[in-house]
Every structure is written in C-alpha cells, then in structure tokens.
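Please walk through the following model with its sequence at hand. The text goes from sheets to helices and then to aromatic rings.

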Amino acid sequence: MKFKRVFFILTAIFSFSFIYAAESKVDLVSASAKRGMTFYYDPFTYSGMLEKNGHRISFRTGDSFVLQDYRTILNEAAPEIENGKIVASNQFLNSAENFFKTESDENPYRIGAILIDPGHGGKDPGASKVHKINGKNVNVVEKDINLSVGLKLRDYLKKAYPDKNIFMTRTTDKFLSLAQRTEIANSVKLKANEAILYVSVHVNSNMDPKASGFEVWYLSPGYRRQVLNAKDYAEDKTLVPILNSMMEEEYTTESILIAKFILDGISAQVGSLSTARGIKAEEWFVCRNSNMPSVLVEVGFLSNAKEGALLNDDKYLQKIAFGIYNGLQAFVTHFERSRGFTGK
C-alpha cells in the first residue's frame, strides 16, 4: 500500500511537472513585444531573430542551440512551432532579456556604403520599344532609363549621406558583364562595423502590352550561397556552415525589408500613375552573387504605351528615383537606430 501511495505521488509530481513545462511555452510574437524586443521570422527557412539594445539572438525553430550576436553559440533550446504558432519557454525569454541587458563593447553597426547598379549598358541595350509620344516616334531604351534613375538616386543619396560611400557600377553608357557588376560590389572595402547595400535598377517588358507596374525582387530563400570567408574561422571550421546559413537568412530578411520600403517609397511618389506589383523572390545573378543584402527594382514596363511614355519623361524618373531613395533612407534609419543586425 505504501509503495502504491509513493508511486501515485511520484506520478502526480511527474504529471504536474510535465503539464507545467507544457504550459510554460508562450507565444513568442506577443511575449517578445511585451518585453520590448523586435522579432523577425522567415517562414521559408524557419529562421528567426530577436533584437534589442543593439544585440541579436538568431535561431532556427526546433534547434537545440541559438546564436548570440553572430559570435557565441549557446546550447539552449530554440523556439519551436506548435499549432501554427512560434512558441518559446519563459526560460528562453528570461535568458534573452538578460543577454540584451549586457553592454556591447562594439561600435554600432551602420550602413557604410550603397552600390547602385544601373542594368545593361553599352552594347547591351536591354529591352526597347518604339512609342508615339507627343506625335513623334520615340525609341524607349532600358539602358538609358536605368542610368538616368541610377544617377538621380546617387545624387539624392550623396546629398543625404555625405559620410557614406555611394558607388555606381557605371555612370556612362558602358557595358559591364554580370560578373563584373557583382565583383565591384563584393570588392568594396568596409570597416568591421559597416554593411553595404546593393540596388540594381531595371525596366520590365512583356509580350502583353497591357502589363504595367513596378516591382522589387530579392534573392529566393531557396538559393544557398557562401557569404562568409571560411578563412576567418580557421580555428573552428564546424562553425562555418552554421554561421553562413544564419548570415544568409539575415541577408534575406534585410533584403525583404529593403524591398518593402522601396516599394512603399515608389508608391508614395507615383500615386495613381503606376501600380505596385509587390515584392517577389527570384535567383537573379546580381543578387545571388552579391555577399550582402541586395534587391533588383523593376521600375515599370516600357512595352506598355502609357508606361513607356512615362519612362521617357525625366520628371517621372525623378519620382521613381526619389521613391527608391525614400525606401533606402527608411531602411538605413531602421538599421542604424537598432544598431544594425548584420554581423561582419
């Protein structure tokens, strides 16, 4: 009888502990917001990030570890997905809160450079279409539009950010291969606490003359690339695939944010003159070979008669360029106020 009573008590204690453990999981979205943490999550790669006070905790749902400030691997159960929600233990949240209170000995992250890449050029004109504009036949050519928008965008950025390096892959009607463009991007020298953004400008064309609108593309999360230099982690090569994967996912998150900000920026400038077609994912060469957050902006369809005429109008291109500028400015402000969430 005593044995049965003890067994019952132990069973009850175990059951209570199990129930308590299960109940201790909380919705990470609402719980992190209550604690003043910024939460990001990419459902394509099941990766997330918490940010506060210039510190970052990165994780993949279901993993047995998390990464603090892209440096320290902590053996602690990461948040997981339950019933369609991302949940975490109170222990995880308390540990995160304690980490976010620590003083950082680093300089705040900042955007050190922005590279503008006007697509095509020289012997490569890109798309083109002849339209009757103001009674005259005008050949609207993509490479010219790209360069005009790129130069205007450069001038806006240089005026706003005299402390940042604003580069262009081309400033004249010059041909550059796709490999040369990404080589320029990847060769930009940055300080340890700096990041670079890559913006490629293009114009759309379609067999359907009714197709119109602008859109912003980022690298598909399904494409895997090497963004870290393995030589920098020679002492522990086992860290490279983990860190590289998390850095890739962070670049994707940042690229999506940039794309959203740019789309909103252009929408505010052009109003009803054109239509936002959304942000989309694709494995563009210039995006998949650039080791940084990168987006490709399609500013309109020159195959559309109405939009072709707009893209031939310098004042309209100023609106497009200013819209892209406003989007980049919004991202830079967000990035630098949060002290950045890109580790180099």
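In which sense do strands β2 and β3 pair, and over how many bridges? Strand β2 (residues 38-42) and β3 pair in the antiparallel sense, over five bridges; two strands count as paired if DSSP finds at least two bridges between them. This is a predicted model, in which local features need pLDDT of at least 70 and side-chain atom pairs count only at pLDDT 80 or more, while totals for chains, interfaces and linings use all residues. Residues are numbered from 1 along each chain as its sequence is written, and side-chain values use heavy atoms, with hydrogens and water left out.

The chain holds nine helices and 16 strands. Helices (H or I, at least four residues) and strands (E, at least two) are DSSP runs, numbered from the N terminus. Of the 344 residues of the chain, 48% count as buried; buried means under 20% relative accessible area, exposed over 50%, and partly exposed in between, with a 1.4 Å probe and protein chains only. Among contacts in the chain with a separation of 6 or more, 72% come from residues 24 or more positions apart, a contact being heavy atoms within 4.5 Å.

Strand β3 (residues 47-52) is mostly covered, with five of its six residues buried. β3 also pairs with strand β4 (residues 55-60), in the antiparallel sense over six bridges. Lysine 52 stands opposite histidine 55 in β4. The hairpin of β3 and β4 has two residues between the strands, and asparagine 53 has a positive phi near 55° in it.

Most residues other than glycine have a negative phi, and most peptide bonds are trans. Asparagine 134 has a positive phi of about 55° although it is not a glycine. Asparagine 134 is placed in the loop between β10 (128-133) and β11 (136-141), and at 77% relative accessibility it counts as exposed.

An open sheet of three strands has the order β1-β8-β7, with antiparallel pairing. Its edge strands are β1 (25-27) and β7 (80-82), each of which pairs on one side only. The twist averages 50° from one strand to the next; axes are lines fitted to C-alpha atoms, for helices over the stretch in contact, and angles run from 0 to 180 degrees between N-to-C directions. Three bridges join β7 to strand β8 (residues 85-89), and isoleucine 81 has isoleucine 86 in β8 as its bridge partner. The loop between β7 and β8 contains asparagine 83, whose phi is near 55°, a positive value in a residue other than glycine. Asparagine 83 counts as exposed, at 83% relative accessibility. Helix α3 (residues 90-100) lies across β1 and β8, running at about 75° to β8.

A parallel pairing occurs elsewhere in the chain: strand β13 (residues 194-204) and β16 are joined over six bridges. Valine 199 stands opposite valine 295 in β16. Strand β16 (residues 294-301) is mostly covered, with eight of its eight residues buried.

Helix α4 (residues 142-160) has 19 residues and reaches 27 Å from its first C-alpha to its last, close to the 27 Å expected at 1.5 Å a residue. That expected span is 1.5 Å times one less than the number of residues. The buried residues of α4 include Ile145, Leu147, Val149, Leu153 and Leu157.

The structure holds seven aromatic pairs. Rings of Phe, Tyr and Trp (its six-membered ring) pair if their centres lie within 6.5 Å; planes under 30 degrees apart count as stacked, over 60 as edge-to-face and the rest as tilted. The rings of phenylalanine 99 and phenylalanine 100 have centres 6.0 Å apart and planes at 45°, so this pair is tilted. Phenylalanine 99 is buried at 13% relative accessible area, and phenylalanine 100 is buried at 1%. The rings of tyrosine 156 and phenylalanine 322 have centres 5.1 Å apart and planes at 70°, so the pair is edge-to-face. This pair links distant parts of the chain, with tyrosine 156 in helix α4 and phenylalanine 322 in helix α9 (residues 314-337), 166 residues apart. Ring pairs link Tyr156, Phe322 and Tyr325 into a cluster.
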